[in-house]
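Here is a short note to read beside the model. Please keep the sequence and the coordinates open while going through the points.

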Amino acid sequence: MNWEQLLLVSILLSSLIPGIIIFGLPEERHRLRTILNLCGAVVKISLIVIMDIGIYLGHTFEIRMPLIPGVELLLNGDPLSALFATLSSVLWLLTTIYAVGYLEDSPNRSHFFGYFSLCVTVTIGIALAGNLVTFLLFYEMLTLTTYPLVIHRGTDKSLRAGRNYLIYAFSGGAVFLIAVIWLQNVVGPVDFSATGFSPGFTDSHGTVLALIFVLLILGIGVKAALVPLHGWLPQAMVAPAPVSALLHAVAVVKAGAFGIVRIVLDVYGAQNLLLLGVLPLLGGIATITILYGSLRALQQDNLKRLLAFSTISQVSYIALGMSLVDQPLAVIGGLVHLVHQGLMKITLFFCAGNLAETLGIHHISKMNGVARRMPLTMAAFTIGALGMIGIPPTVGFVSKWYLGLGSLAAGNWWLLGILAISSLLNGCYFLPILIRAWFGKQQESWPEELYVGRFETRLMLLLPPLITAFTVMAAGAVANAQISPLAWVRFIVREYGL
Amino acid sequence: MITTLLYSMTGLILFGMGLFTLIVHSHPLRKILAVNVMSTGVFLILIATAYTPLGQGEVDPVPHAMVLTGIVVSVSVTALALILACRVQETSNLDLLKKKTVPETAKESTT
Amino acid sequence: MIAADLQTVAYASILALVAGTPLIFAACSCTPFQKRVVRFLPLATVPALLAPFTVPVDMVVEVPWFFMGGRMGLDQTGRIFLSLSALIWFLASFSSRRILKNDTGQRQFHVFFLTAMTGNFGLILASGMLGYYLFFALMSFAAYGLVVHKATDNALQAGRIYLTLVMIGEVALFTALILLVHNTGGLAIEDIAGISYQPLTLILLFIGFGVKIGALPLHGWMTSAYQETPIPAAAVLAGAMVNAGILGWLRFLPLGQTSCPTAAVLFIAVGAVAALYGVIIGLKCRQAGAVLGASSISQMGLITVIFGLGLFDHKAGFHAAPVLMVYVVHHSLAKSSLFFGYDLVERQGKILSHLQIAAILLPALGLAGLPFTSGAIAKTAFKDLTATLGNPWYGLGTFFLPLTATTTTMLMLHFIRILKYGTGTGNPAGKRESGTIFTVSVIATGAILWLWPASRDSAILSLAGMTLLQSLWPVTAGFLLYLVWSPIFSAKKGLPDDHKKQTLFDLILETVARILKGIEWPQSRQDVLFTHLYRIVPQLRRSEKIMGRWKVIGISYLALCLCLLFLLL
Amino acid sequence: MIFLNVDNPSWMITPIIVPLTAGLLCFLFQRKTFAIALSAVLVNLLAACFLIGQLLTCGPMRYSMGGWQAPLGITLRTDGPAVLMLLMTGVTGFAITLYARGYFSFRIDDPGGTDRHQQQQRYFWPLWLLLLAGLNGLFLSNDIFNLYITLEIIGISAASLAALSGKPAARLASFRYLLSSLLGSLTFLLGIVFLYKSCGLLDLDLLRNLTENGPGVRAALALMSVGLLLKTALVPMHFWLPPAHANALAPVSAILSALVIKGSFYLLFRLWFEVFASSITTEALNVMGGLGAGAILWGAIQAMRQHRLKLMVAYSTVSQLGYLFVAFPLSRAADNAQVWSIVIFMAMAHACAKSAMFMSAGTIFLHFGHDRIQDLTGVRASLPITVLAYGIAGVTLMGLPPSGAFIAKWLLLSWALASCQWWWVLVIIAGSAMAMIYVFRVISRFIVIPEGFSSQKLEFHSRLLEWPALALALISLLLGLVAPWLLHILAKGSIDLTQILPGGLP
């Protein structure tokens with residue numbers, strides 16, 4: 001085992017081991033638990049950064065483990081996985097800090113943080129998966145590890161949400177499994193590679209491969225919350241805020257979107273997909289999802305529910321970018337949105353959690369004038385929301401810009417219109433919130449003011465959204481710098497030779 | 001040949017009768033007896049296979065060995081079945097000799 | 001070599017400071033030192049005031065890491081715009097630091113004020129398309145904070161209309177930029193020169209910047225926003241930020257390099273209608289700010305016409321560009337002077353003295369083109385332009401221009417009338433300072449066009465006797481007409497309030513919401529499904545019981561035996 | 001010393017003799033029974049490992065008991081599937097033994113306990129060891145009549161074990177179990193009679209070599225299959241299984257569900273795919289597959305509606321068995337070794353997972369005094385490891401990666417798709433989905449701790465109750481990762497006949 005392989009394994013172990021230890025810790029030892037969590041997160045980030053550098057310098061990170069003929073587990077660090085792994089690990093650190101603050105004094109924290117760590121381990125596993133079987137393995141485990149988090153509150157509502165989540169996720173998983181097996185039957189074992197499988201198969205098995213592609217997208221679309229497979233996501237917002245943040249920005253939905261990227265870029269490859277002619281389908285679904293999510297978000301009064309619908313809409317940008325896979329600019333837009341959406345959405349969820357945890361505000365109609373009570377939180381929220389709309393210099397603009405250029409380059413004028421409409425709709429549901437919060441008059445006292453102290457809320461709750469909001473601005477403002485999500489995505493696209 | 005066939009057919013008929021009783025009658029004791037009749041039927045066929053007309057060669061010893069073993073098994077199984085039936089009767093207050101159906105609710109003790 | 005490098009670095013840092021200083025001030029106002037920061041508020045504009053005179057023209061500094069490739073520089077146009085804007089911001093920042101002294105939302109106001117300033121300076125410096133868009137958005141959204149600052153219902157309503165239109169403008173601009181970049185392949189503004197525009201791009205550019213200048217279908221925000229914004233902020237809104245729209249057009253449809261007759265007709269038509277329509281709106285208004293807003297719609301209409309004239313071909317563009325600049329300078333200074341005057345009135349809280357009325361009349365009638373004012377110079381330049389372009393545009397100068405002068409005169413008289421009978425709140429804190437600012441701005445309005453080399457020809461031309469006469473009669477006509485309108489207006493008590501209008505966009509949003517309510521599904525549909533499923537549970541139990549009966553077992557046993565025998569034999 | 005050689009085939013009697021002897025000893029001494037049982041089970045496990053080693057070094061072996069050669073004598077043999085089944089039994093049996101120890105001492109130490117518990121323990125060990133001997137015999141035996149004997153031994157001891165709890169329901173269930181088991185073995189015996197009548201052979205290797213199978217042999221196969229199906233509890237003959245498994249003591253349930261069922265299935269599979277492979281028709285395979293599909297769906301549907309934990313687990317056994325039969329019709333798309341690999345993976349994963357599940361259910365029953373699912377909220381707070389074990393085992397039942405069941409399902413789906421028999425795909429997926437529902441219906445109760453929930457503090461914790469279950473669950477989950485190794489063992493095919501019988505067929 002060389003150092004590259006050791007690094008891959010230790011990346012996975014750096015959160016797995018703390019997770020397992022935390023399960024065994026008694027409830028009272030919160031200090032040790034916090035230290036373990038944070039150490040794990042920091043170690044993971046450092047290891048992943050080392051891997052990033054290694055990948056940039058051209059090292060190969062690969063572990064193979066054959067199971068049965070044609071089925072092997074393969075962990076592989078390529079630029080794309082580095083992107084997702086870095087995002088997840090960084091956001092995990094912030095979410096952990098946030099969760100420690102959020103769950104202060106609440107019961108069952110060992111359990112919660114244990115699953116939290118497992119969940120991130122699995123997410124990193126998804127990032128590092130080097131073929132469809134490994135991806136599937138971690139993909140299914142992700143459902144298992146997030147389920148206890150979704151039902152953490154234990155109310156009937158959360159149980160129902162959990163039930164629906166499971167039904168959706170496993171149905172998707174089953175379809176995905178069938179598709180993966182079928183694909184293997186047709187083209188043999190496929191590792192993720194820059195070109196996808198050999199184009200010869202497309203000539204001989206065109207219809208079947210197109211059908212398999214549809215099945216793959218359907219299967220993965222459940223997690224990516226593509227309409228009409230999105231039903232679980234708005235319900236799952238009954239989970240505690242850090243979990244929602246995790247679901248929406250770090251792990252589940254993101255894993256789905258990442259899966260679409262993998263399927264499009266690495267399994268099929270641009271060449272094959274163009275020959276098969278299935279890309280308009282993906283583009284169509286993405287478009288419908290973008291519009292539908294925004295339209296439903298317009299109706300919501302519950303803040304987290306609104307954010308959930310907004311996620312549905314935003315994540316589809318990634319799928320949209322992938323549907324224009326032959327256009328490097330669109331691919332850049334889609335890929336970079338993977339990071340950008342995560343940053344923005346996690347900010348918004350942190351802020352929503354702060355409002356709920358500090359003042360007991362869950363509904364937009366109760367938010368009048370809240371910015372005067374919690375200016376920093378709302379400032380972060382504002383940045384996140386403006387990012388969602390796509391106002392420069394936030395990162396949201398960068399994604400939309402590339403997507404727009406890409407869709408034009410592909411000659412799809414109407415996609416530009418969709419982007420414009422989506423921006424408008426985003427404005428329609430985010431701007432009223434901002435107006436309420438900043439300029440609205442507070443009518444009565446807050447529903448339940450839970451925290452009174454030096455800062456507007458607990459420091460551990462306040463810092464993560466501020467950091468992410470700052471990143472949303474900064475990553476946009478220095479988008480063209482040597483080290484930025486955009487730069488890395490350009491590197492990826494270069495690697496793919498697009 | 002006829003002899004073999006005769007024994008075999010008798011064995012099969014015994015097996016069938018046993019099976020019929022096992023299925024149709026619900027009384028535990030009858031069921032145990034039915035199983036015994038069935039095994040007797042099988043043994044009969046088995047013995048019949050060993051039959052060789054006089055002077056036409058040696059008698060095949062294997063079926064005999066098998067039947068002997070089978071009888072031993074059958075006896076022990078019957079003993080166990082009887083014990084179990086008695087225990088069932090003890091706890092469910094059924095009279096073994098009276099014809100009364102065994103309640104089938106045991107499967108679901110609680111709902 | 002090193003010296004040259006050093007020089008470049010120095011210029012670059014000056015340029016960065018122009019936009020950076022207000023931003024730093026904004027950041028500082030978020031800290032506890034806010035009070036001290038506010039005292040030095042005008043300092044934020046100092047780099048912008050100095051930059052036009054220190055940084056060489058047409059220098060471009062590349063900042064590759066910044067926001068997808070930043071470029072900034074100061075060309076001739078930018079220089080004029082920057083000096084103009086810096087002056088107005090400078091005056092307004094004096095004013096605003098005093099007026100808001102006792103205001104509770106002071107911090108919020110200053111953050112928005114300074115951010116808008118950053119945006120305004122930044123967009124002038126930007127010489128990349130994305131940079132322009134970035135600062136333009138920054139300015140537009142920050143200005144929203146200024147509009148709704150009073151947080152009254154009226155202010156919020158005005159803000160809502162403003163924000164809706166800004167959103168539409170932003171999206172249109174975004175789309176237009178993507179189309180442009182797709183066409184040109186580069187992100188620098190110079191790349192635009194000489195490309196052929198698609199009709200869609202033209203329309204989107206018109207919408208994107210038209211919102212800012214209140215071009216005709218997008219004018220809805222102007223009257224109410226000008227009224228509700230605190231007056232110093234309104235002064236920059238009307239004097240400086242509006243120009244961002246013009247500059248946007250100049251940047252993205254460069255005059256002298258674009259020839260696009262269709263667009264020209266569009267611009268001219270829209271501008272001409274707006275020039276008159278603005279006055280009609282304004283004459284019905286009852287509040288000074290709203291009247292000024294309406295006047296802006298009208299004046300910007302004229303500027304749109306000038307711009308449209310320049311779009312015909314390259315030659316027209318070359319002629320139109322300087323005229324446009326003259327007109328912009330004139331309008332900005334005059335309009336901000338009017339706002340500063342309005343500010344003074346508000347602070348005084350009582351009726352103006354005759355001297356003050358005379359002082360306000362100078363920029364007011366200047367807008368109408370009274371001889372010896374900056375307006376006369378600007379209009380002369382306009383007329384000159386139409387003369388150069390020949391038929392059919394000559395008519396614009398001879399007929400249309402006097403018409404607008406007449407109507408503008410009416411509007412301005414209406415404004416002064418409202419001021420005179422209006423009741424200011426009275427805020428003696430900044431009264432003296434306010435007076436100073438007003439004086440400075442009036443002097444600037446009166447003097448700058450006379451001193452400015454670029455407008456010297458027109459200035460001399462405007463002094464010719466014929467021209468004097470030509471520019472005098474419309475004013476007189478307007479004066480007389482207003483004498484007629486004034487009693488009618490006083491009689492009309494029941495005119496609708498300026499704010500209670502429902503915009504088209506509200507209607508659309510409401511309709512969408514209503515439609516969406518219709519398609520909302522019941523939350524419990526999954527639960528309904530499950531209840532149906534639970535209904536078969538007893539049947540399941542029964543069938544399992546049946547399968548446990550010995551008879552059934554026997555039958556299935558026999559069936560299986562027979563089946564296998566049959567299949568295997 | 002020759003006896004101790006590694007390549008001596010007579011080693012293979014160890015897994016039969018040792019448990020048998022230990023069972024007798026337990027029965028005779030009644031003291032230190034756990035020590036005896038534990039050592040026997042340990043030896044059994046070691047022997048299984050040894051036999052695997054032997055198989056890997058020396059290839060398949062044959063051993064004639066008492067020196068009597070086939071066709072007259074009784075032979076044993078080792079090959080890939082057999083040793084893997086031995087290993088499965090060894091591992092599961094070892095864990096179950098430990099668990100049983102914990103289980104009985106918990107009940108005996110319970111202040112409210114009675115002599116009854118002591119007595120149960122006394123009978124449990126000998127019966128369990130006898131059962132183990134029978135199972136090992138079944139896996140190793142190469143003589144069809146001997147197989148019948150082992151089946152009967154298994155049947156008798158299993159029925160007695162099932163009755164051990166002494167509850168009326170358990171006794172009745174056990175009686176039904178015994179009767180159906182008898183019906184099954186008699187049918188099997190009738191099949192043997194037909195077989196012997198047609199060809200006069202009992203040795204499996206010799207039977208396999210028959211060039212032509214007459215109608216007698218085919219009829220015999222049909223009868224034997226029906227008998228074994230009855231013992232395997234394939235739908236629609238599963239009636240005896242859920243009550244028997246659910247009402248037994250927890251370790252007994254684990255044994256019955258994990259091992260006993262596998263025994264008869266293993267035999268059936270051997271008959272169909274090795275011995276009489278040439279006489280199998282596609283229609284017959286399809287019928288078996290259809291029954292398997294029915295089992296998957298029916299078992300899962302019934303499991304979903306259960307209110308009691310153990311009954312639910314028992315029905316899930318009915319469902320999981322179906323997967324083994326769905327492999328039948330797909331075998332045409334693959335060669336024999338691959339079909340074996342499906343069955344072995346499925347059986348091993350299911351054995352470990354199901355016993356872990358029953359153990360967990362038993363532990364919960366012990367601590368809470370009931371197993372009503374709806375009243376089991378928040379069990380995690382008191383029994384975290386048990387719940388974890390249950391959850392992991394559930395993951396295996398659902399066939400999620402990297403469990404052994406996943407590998408099996410992967411292969412099943414792969415062949416189903418390759419041979420365009422998509423209906424099996426639908427069935428398999430539907431079965432997994434329903435497994436998800438019935439597993440998570442329980443897990444969500446277990447792990448949720450609603451607000452204001454006060455967990456019962458349990459004074460007494462037995463590690464033996466919790467850890468064996470977790471270990472088995474983990475094995476079942478990680479089985480997929482050692483798949484190459486298992487495949488390697490499995491690849492050591494059966495013996496070349498010319499080697500055994502230099503004289504040719506009699």
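Among contacts in chain A between residues at least 6 apart in sequence, what percentage join residues at least 24 apart? The figure is 80%. Two residues are in contact if their C-beta atoms, placed from the backbone, lie within 7 Å.

1. Ground rules. This is a predicted model, where local features need pLDDT of at least 70 and side-chain atom pairs count only at pLDDT 80 or more, while totals for chains, interfaces and linings use all residues. Residues are numbered from 1 along each chain as its sequence is written, and chains are lettered from A and ligands numbered from 1 in the order in which they are written.

2. Chain A overall. Chain A holds 20 helices and 2 strands. Helices (H or I, at least four residues) and strands (E, at least two) are DSSP runs, numbered from the N terminus. The C-alpha trace of chain A spans about 70 × 55 × 45 Å along its principal axes. Of the 498 residues, 66% count as buried. Buried means 20 or more other C-beta atoms within 10 Å of a residue's own; exposed means 12 or fewer; partly exposed is in between.

3. Chain C against chain A. Here 30 residues of chain C are in contact with 30 residues of chain A. On the chain C side, α6 (129-147), α7 (153-184) and α20 (504-519) each give two or more residues. The largest share, 12 residues, comes from α7(C). This side of chain C divides into 23 nonpolar, 5 polar and 2 charged residues. Ala, Val, Leu, Ile, Met, Phe, Trp, Tyr, Cys and Pro count as nonpolar, Asp, Glu, Lys and Arg as charged, and the others, Gly among them, as polar.

4. Chain A against chain D. 26 residues of chain A are in contact with 26 residues of chain D. β1 (61-68), α5 (132-150) and α6 (156-187) of chain A each supply at least two residues. α6(A) gives the largest share of the chain A side, 12 residues. By class, that side has 18 nonpolar, 7 polar and 1 charged residues.

5. Helix pairs in chain D. The axes of α3 (residues 80-109) and α13 (residues 336-368) of chain D come within 10 Å and cross at roughly 0°. Therefore α3(D) is roughly parallel to α13(D). Their contact has 16 nonpolar, 3 polar and no charged residues. The axes of α1 (residues 14-29) and α2 (residues 33-58) of chain D come within 9 Å and cross at roughly 180°. That makes α1(D) roughly antiparallel to α2(D). Axes are lines fitted to C-alpha atoms, for helices over the stretch in contact, and angles run from 0 to 180 degrees between N-to-C directions. Under 35 degrees counts as roughly parallel, over 145 as roughly antiparallel, 65 to 115 as roughly perpendicular and the rest as oblique.

6. β1 (residues 59-63) and β2 (residues 70-74) of chain C pair in the antiparallel sense over 5 bridges. Pairing takes at least two DSSP bridges. C:V63 has C:G70 of β2(C) as its bridge partner. C:F67 takes a positive phi near 40° in this hairpin, which has 6 residues between the strands.
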